[in-house]
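Please read them with the structure open beside you.

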Amino acid sequence: MTDDTKQRSRQLDRALTACADGRPEGIDAILDIEGSQLLGVARRILIRHDLAEEAVQDAMVLIWRKAAQQRQGEGSSRGWIYAVLRNRCLTILRDGKRLSSLSPDELTRMQDARQDLCHDDDWKLLAGTGRLGDCLDALDDPARRAILLAHVAGYSHGEISARQGVPLGTAKSWIRRGLASLRECLS
């Protein structure tokens, strides 16, 4: 082990001790010593720079909260820090809702395209000419639109209420009553 490596190791030990004692300079020291390398490791694992930055930030929070659990003498502080980061990256990878191969701009474009779903009589193409189409046609327009926004376009109740300019309770009632009517009509 070189003198520089030993010095960095001692600095990281002191930084973790500071974190365990609740002193914020510990996180600052870790980022000063290893920040760019931590980001590089996260970037290699996650590919996307924005997710890598998020992983490093999340890892720093975990390190801050769990620094007292790291026992000096049972492994290096550096190894423990990188293990925390690696585990956070793997959690992000497993979390399918956040890891997409799409960039934030592409996700925004997809969200904007979703705004164009369920216009006017387009729902008739989705429902076809069977019983479902007839039952949807029997619903009043606000209830039908709310159901289609929820179940075809994937909007939340809050998003539906905002899009339709009604209180949240009204949007929920439209969906609940509309689904009850559909069940009755289809049975």
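1. Basis. This is a predicted model, in which local features need pLDDT of at least 70 and side-chain atom pairs count only at pLDDT 80 or more, while totals for chains, interfaces and linings use all residues. Residues are numbered from 1 along each chain as its sequence is written, and side-chain values use heavy atoms, with hydrogens and water left out.

2. Overall fold. The protein has ten helices and zero strands; helices (H or I, at least four residues) and strands (E, at least two) are DSSP runs, numbered from the N terminus. Of its 187 residues, 31% count as buried. Buried means under 20% relative accessible area, exposed over 50%, and partly exposed in between, with a 1.4 Å probe and protein chains only. Among contacts with a separation of 6 or more, 58% are between residues 24 or more positions apart; contact means heavy atoms within 4.5 Å.

3. Helix 1 against helix 2. The two axes come within 7 Å and cross at roughly 140 degrees. Axes here are lines fitted to C-alpha atoms, for helices over the stretch in contact, and angles run from 0 to 180 degrees between N-to-C directions. Helix 1 and helix 2 are therefore oblique to each other; angles under 35 degrees count as roughly parallel, over 145 as roughly antiparallel, 65 to 115 as roughly perpendicular, and the rest as oblique. Helix 1 passes helix 2 in a left-handed crossing. A crossing is left-handed if the near helix is turned anticlockwise from the far one by less than a right angle, and right-handed if clockwise. Residues making the contact include Leu-12, Leu-16 and Cys-19 of helix 1, and Ile-27, Ile-30 and Ile-33 of helix 2.

4. Helix 3 against helix 4. Here the axes come within 9 Å and cross at roughly 130 degrees, and the crossing is right-handed. This pair is therefore oblique as well. Among the contacting residues are Leu-51, Ala-55, Leu-62 and Ile-63 of helix 3, with Trp-80, Ile-81, Leu-85 and Cys-89 of helix 4.

5. Largest core. Which residues touch the most other members of the largest nonpolar core? They are Ile-30, Leu-38, Ile-63 and Leu-85, in a core of 24 residues. A nonpolar core is a set of buried Ala, Val, Leu, Ile, Met, Phe, Trp, Tyr and Cys residues joined through side-chain atoms within 4.5 Å. Two or more residues come from each of helix 1 (3-20), helix 2 (25-46), helix 3 (49-66) and helix 4 (77-94). Helix 3 gives the most, with seven residues. Leaving aside neighbours within four places in sequence, Ile-63 is in contact with Leu-16, Cys-19, Ile-27, Ile-30, Trp-80, Ile-81 and Val-84.

6. Ile-160 sits in helix 9 (residues 157-164) and is buried at 0% relative accessibility. Beyond its neighbours within four places in sequence, Ile-160 is in contact with Ala-146, Leu-149, Ala-150, Tyr-155, Ala-171 and Ile-175.

7. Disulfide. The structure holds one disulfide, a term used for a pair of cysteine sulfur atoms within 2.5 Å. Cys-135 is joined to Cys-185, with an S to S distance of 1.9 Å. The link is left-handed, at -80 degrees about the S-S bond. Cys-135 lies in helix 7 (residues 131-138) and Cys-185 in helix 10 (residues 168-186), so the bond ties together parts that are 50 residues apart in sequence. Cys-135 is buried at 4% relative accessibility, whereas Cys-185 is partly exposed at 34%. Two other cysteines, Cys-19 at 3% and Cys-89 at 0%, count as buried.

8. A residue to check. Ile-47 has a phi near 70 degrees, a positive value in a residue other than glycine. Most residues other than glycine have a negative phi. Ile-47 lies in the loop between helix 2 and helix 3 and is exposed, at 60% relative accessibility.
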